[in-house]
Structures are given as C-alpha cells and as structure tokens.
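Good morning, and thank you for coming. Please look at the structure on the screen while I go through a few of its features.

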Amino acid sequence: MATKRKTKPLVIAVVSDLHAGSTVALCPKSITLDDGGKYEASKPQQWLWEKWQAYWAEVERHRRSLNATLMQVYNGDLTEGDHHRTTQILSGNPTAQAAVVNEILRVPLALKPDHIVGIRGTEAHVGPSAAFEERIFTGLRKDGWPVVRDEATGNASHWHWTMEHQGVRVDIAHHGKYGSRPNTKFNTVIALAFDIFTNHALKGRPHPHLAIRSHMHQFGDTGGLYPTRLIQMPAWQLSTVFIHRINPGAIADVGGIIITIDEGVLDVRKVLYHPDATPAWKAE
C-alpha cells in the first residue's frame, strides 16, 4: 500500500533581471507605442522570447509530474527604466515598458501559480524605492493573483524575503556579487555564501539552506561548500553597451532555476541557455 504524502511538493520557479523595455532584453514580437507606432523585436530578442516560453514549459512539465504546488519568484529588475542617458530602450515612456511587462507575464501566469513573490531590484531600473515593481505586483494582487505580501509593511513586493517549507529555509534578495575575471569571478560568490551563513550563526539564528541573489547576470552555484548554498542567478538580457565596455565578448547566462522541496528534501535544477556566438569574419 502506497504511503500518502503529508504535504504536496513545492516547486519554486525563480527568474530575475527581465529588464522589460530594453532593446537587448526579453520582448514579445511587437509592442504598440504611445504615438501609435510599433516596436518590433530584434532577432536576439526573438531568441530570448523563444527561450522564455521554453523555460516556463519546462516548469509546467515538472510541476505536473509531481502534482506540486507552484510558486513563481521574480527576483528584481523587471523593467529597464530610463537611466544613465541610455539609448538602448524601446521607449522612455513607462507605459510602453509596462506593456512589455504585461506580455511577458502572460506566459508564466497562464500556469495559474499558487503563489507569486515579487522582489525589488535596482532603483536605476525600477524607480525610487522600486516603485515600478511595487506597482506591478500591487496590480497583480488587485486582479486576484496570489501575490505574497510583505508582512511588515503590507506591500506587494519585498526587498528581502525568506520562507520555510518542510523545514527547508530559503533566503532571497536581488543584489548579489560576482567577479569580473574568469579566474577569480567565483570567489566573491563563495565569500557571499559564507557571509550569509556566518551572519546568521553569529546572531544565533537558523541559517538558510539556500540563498538566491541576482543583479550580476551570471549563473553561479556554491553547491555544498557551506551549510548555506548560494545561487547567483542568470538574466533575460543580453550584453548592453555597458557590458561591451567593461567585458567585451562576454557570454550571457540566460535562464532560471527550478527548485523542488519534497518531504524536506531540497533540489535545485538550473535551466540555462546561451546565445550563439557572432560568426568571426573570414577573408576570402
């Protein structure tokens, strides 16, 4: 006779750094602008859109295979904003960028998640006090979506969010760390994992089993090096002018992670995509 589960498994799909409104980030095929014209997604953006759909299809297959509860976590920088005199935005009008967000979220919302968590990102991208993101998640909540509120403030989004499920503790915030040189870039990720663990230990608090950070657009995973495992998240934006300046030829990490907590056991699966390299010029 099969043993009945005490609680359903929990699947947590985590994505970050969507940068909606950027001309090198996630975007649907076409967006109508305020003056009646249209912005058409570039070929790289069409590739990102294809992978966005593929990622959420993988999330749904996994959720169904376990008959699990589904939580979606958006770990900051949903929009690009209008910053640093950039020319790499489809419009400086926040309404146009909001239209991109609406189309982007149609894909994961079609899965009818049981819980939605919004984490606040960088003010340069999402406004003072992350006002753009708070507006997005407040709107979702008003529309009846199961947005998890901040217990301290009642807000629809969080600067820092923690959870515990079946004894597994998870700690999520947007800003992380990552080095710039290939031979040392992972050192800062390892150091941050140790910092998070020791900060909890020194205060006599239970440490998180898993910490998630974003912002650096590069994937990293400390695995079992320390009691707190740290994952540095990939993004949904390709190289900007800034990246071309500080790290020419850098290869973007695109994708998300799928976390499963089942009977107290934590599993994390990365889902990564890498764009094809630009063909090198060859003399005839």
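Predicted model: local features only at pLDDT ≥ 70, side-chain atom pairs only at ≥ 80, totals over all residues.

Which residues does R229 touch, not counting residues up to four places away in sequence? They are H209, L210, A211, D221, T222, G223 and V268, where contact means heavy atoms within 4.5 Å. R229 itself belongs to strand β10, residues 229-232. Helices (H or I, at least four residues) and strands (E, at least two) are DSSP runs, numbered from the N terminus.

Residues are numbered from 1 along each chain as its sequence is written, and side-chain values use heavy atoms, with hydrogens and water left out.

I turn now to the interior. In soluble globular proteins, nonpolar side chains tend to be buried together. The largest nonpolar core here has 42 residues, and W52, Y55, W56 and W236 touch the most other members. Two or more residues of this core come from each of β1 (10-15), α1 (43-66), β4 (69-75), α2, α4, β11 (254-262) and β12 (265-273). A second, separate core has 21 residues, among them V168, I231, I259 and I261. A nonpolar core is a set of buried Ala, Val, Leu, Ile, Met, Phe, Trp, Tyr and Cys residues joined through side-chain atoms within 4.5 Å. Buried means under 20% relative accessible area, exposed over 50%, and partly exposed in between (1.4 Å probe, protein chains only).

Next, the loops. Is each of them buried or exposed? D17, in the loop between β1 and β2 (30-32), counts as buried because its relative accessibility is 0%. N67, in the loop between α1 and β4, counts as exposed because its relative accessibility is 55%.

L90 sits in the loop between β4 and α2 and is buried, with a relative accessible area of 10%. Its C-alpha atom is separated by 6.8 Å from that of Y39, 51 residues apart along the chain. Y39 is also one of the contacts of L90, which include G21, C27 and V100.

Finally, the second largest pocket. It holds about 460 Å³ of space and has 26 lining residues, with Q97, A98, V101, N102 and I136 nearest its centre. On a 1 Å grid over the protein atoms alone, a pocket is an open set of points where a 1.4 Å probe fits, with protein on both sides within 12 Å along at least five of seven lines; lining residues have an atom within 4 Å of a point. Helix α2 (94-109) is among the elements that supply at least two lining residues, and its nine residues are the largest share.

Methods. Points joined across faces, edges and corners; volume = space filled by probe spheres on them.
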